[in-house]
Amino acid sequence: MSWANDSSPKGFILLGFSDKPWLQMPLFVVLLISYTFTIFGNVSIMIVCILDPKLHTPMYFFLTNLSILDLCYTTSTVPHMLANICRNKKTISYGGCVAQLIIFLALGATECLLLAVMSFDRFVAICRPLHYIVIMNRWLCLRMAAFSWFTGFSNSVLQSSLTLNMPRCGHREVDHFFCEVPALLKLSCADTKPIEAELFFFSVLILLIPVTLILISYGFIAQAVLKIKSSEGRRKAFGTCGSHMVVVSLFFGTGIYMYLQPPSSTSKDWGKMVSLFYGIITPMLNPLIYSLRNKDMKEAFKRVIQ
């Protein structure tokens, strides 16, 4: 029995925090404010990176990709979550659930890969400065960005197919705010361990390999920065790389918690809060982290405004 035959007419009920009515209004306010800041912050970064010629470099090309990704990432879930909080019947159609699952998974995986690509860019800039322009040429940047997007969506199709083909025997209540793999697996009435093993393998590829490459890159970067004699040079290098490491820690830390352990071992309320963090809070913080800790970005904002 497949989910396509079992649930397409009825769709799903998204429980969220339905058992805690007192949380509905505070949650609505937090989501609305976060989403507003996410839109404003990421659109601002995109506009500045496009309009300011001094930011037409590989680093800001990838940052623009990250802003586009974060904007789409939150838009795939937050508007529907806000609408559901305002109504008694918190439902989502089968097609809407499938679309939400695929898009959310795809953009999350793409961000993992894109953050690894950005760490490679910083590695070349700091450890191979004389060869930076040659190595990080336009063609390579386009290929690395395209690879990140293509691999992210390919991974999503595979994981979504495995998840959606599990039988659920009429279960429709998803104990979450949106359609996500761990929550949907809990609806299955069959043994999910074989599927969990396959999903774990894909999650290792998408989460652990990029974060390992990032840590290796920053190991070399730290060595190179410590050799810089100029205190100003060290400060600038650590400032730029520090922003990236904050983003990496926030996103990968919560993502690994959710996807590299069995769904059954995750506390339902804690799992929801973690999902809100990497799905909503992190995309909101990214523009703040990259703009407030980045001197070039702050100066570019001033030039564009003037």
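Modeller: The crossing of helices α5 and α9 is left-handed. This is a predicted model, in which local features need pLDDT of at least 70 and side-chain atom pairs count only at pLDDT 80 or more, while totals for chains, interfaces and linings use all residues. Residues are numbered from 1 along each chain as its sequence is written, and side-chain values use heavy atoms, with hydrogens and water left out.

Colleague: Why is α5 called roughly parallel, rather than antiparallel, to α9?

Modeller: The two helices pack at an angle of about 20°, with their axes 9 Å apart. Each axis is a line fitted to C-alpha atoms, for helices over the stretch in contact, and angles run from 0 to 180 degrees between N-to-C directions. Angles under 35 degrees count as roughly parallel, over 145 as roughly antiparallel, 65 to 115 as roughly perpendicular and the rest as oblique, so an angle of about 20° makes α5 roughly parallel to α9.

Colleague: Which residues make the contact of α5 with α9, and how do they divide by class?

Modeller: Contact means heavy atoms within 4.5 Å, and the residues that make it include A109, C112, F120 and F123 of α5 and L207, P210, Y218 and F220 of α9. They divide into 18 nonpolar, two polar and one charged, where Ala, Val, Leu, Ile, Met, Phe, Trp, Tyr, Cys and Pro count as nonpolar, Asp, Glu, Lys and Arg as charged, and the others, Gly among them, as polar.

Colleague: What makes α7 and α9 parallel or antiparallel?

Modeller: The axes of α7 and α9 come within 10 Å and cross at roughly 170°. That angle lies over the antiparallel cut-off, so α7 is roughly antiparallel to α9. In this contact T151, N155, L158, Q159, L162 and T163 of α7 meet I195, E198, L199, F202, S203 and I206 of α9, and by class there are six nonpolar, five polar and one charged residues.

Colleague: How do you know whether α2 and α3 are parallel or antiparallel to each other?

Modeller: Their axes come within 9 Å and cross at roughly 155°, and with that angle α2 and α3 are therefore roughly antiparallel to each other. Their crossing is left-handed. Among the residues in contact are Y35, I39 and M46 of α2 and Y60, L63 and D70 of α3, and the classes come to 10 nonpolar, six polar and one charged.

Colleague: What makes a space a cavity or a pocket, and how many cavities of 30 Å³ or more does the structure hold?

Modeller: On a 1 Å grid over the protein atoms alone, a cavity is a set of points where a 1.4 Å probe fits but cannot get out, while a pocket is an open set with protein on both sides within 12 Å along at least five of seven lines, and lining residues have an atom within 4 Å of a point. The structure holds three cavities of 30 Å³ or more. About 190 Å³ of space lies in the largest cavity, a volume being the space filled by probe spheres set on the points, which are joined across faces, edges and corners.

Colleague: Which residues are the closest to the centre of the largest cavity, and which element gives the most to its lining?

Modeller: Of the 16 lining residues, L105, G108, A109, L207 and Y259 are the closest to its centre. Helix α5 gives the most to this lining, with five residues. By class the lining has 11 nonpolar, five polar and no charged residues.

Colleague: What lines the second largest pocket?

Modeller: That pocket holds about 320 Å³ of space, and of its 14 lining residues the closest to the centre are H56, T57, P58, F61 and R138. The largest share of the lining, four residues, comes from α3.

Technical notes. A crossing is left-handed if the near helix is turned anticlockwise from the far one by less than a right angle, and right-handed if clockwise.
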